[in-house]
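Open the model in your viewer and keep the selection tool at hand.

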Amino acid sequence: DGPSAGIAIVTSILSLILSKKVSKEISMTGEISLRGDILKIGGLKEKIIGAYNNGIKTIYIPEHNKADLEEIPKIIKNDINIITVTNYKEIFDAIFA
């Protein structure tokens, strides 16, 4: 929700344009600039716990939020693939390429 959904919205639009489905086990959070840079967000702990509780296996987060991962319980960090990104191209290449 809000600006934190920027990369998810871009991914949804690209999914429609490219006619490629995105796995329901992938989640993402992060603001996005007009140049594709992924910006820091708030509430990362709650978002990752919510994703984990809903069966998400992989989550993309802003690199600038890497320090916030210390707040995430180890059991969750061990069971979910958390990928940090700095630019949307990293997500695009992983999901659509």
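Buried means under 20% relative accessible area, exposed over 50%, and partly exposed in between (1.4 Å probe, protein chains only). This is a predicted model: local features need pLDDT of at least 70, side-chain atom pairs count only at pLDDT 80 or more, and totals for chains, interfaces and linings use all residues. Residues are numbered from 1 along each chain as its sequence is written, and side-chain values use heavy atoms, without hydrogens and water.

Select residues 6-18. This is helix α1, with 13 residues. From first C-alpha to last it reaches 18 Å, close to the 18 Å expected at 1.5 Å a residue. Helices here are DSSP runs (H or I, at least four residues), and strands are too (E, at least two).

Now pick G6, I7, T11 and S15: these are buried in α1. Look down the axis: the buried residues fall within an arc of 165°, so they line one face of the helix. The arc is that of the directions from the helix axis to the C-beta atoms.

What do the buried residues of α1 pack against? Show β1 (26-28), β2 (31-32), β3 (38-39), β4 (58-62) and α4 (88-95). Contact means heavy atoms within 4.5 Å.

Turn to the other side of α1. L16 and I17 are exposed there. I9, also in helix α1, is partly exposed at 48% relative accessible area.

Last stop: S19, in the loop between α1 and β1. S19 is exposed, at 67% relative accessibility. Check its phi: near 55°, a positive value in a residue other than glycine. Most residues other than glycine have a negative phi.

How values were computed: The expected span of a helix is 1.5 Å times one less than its number of residues.
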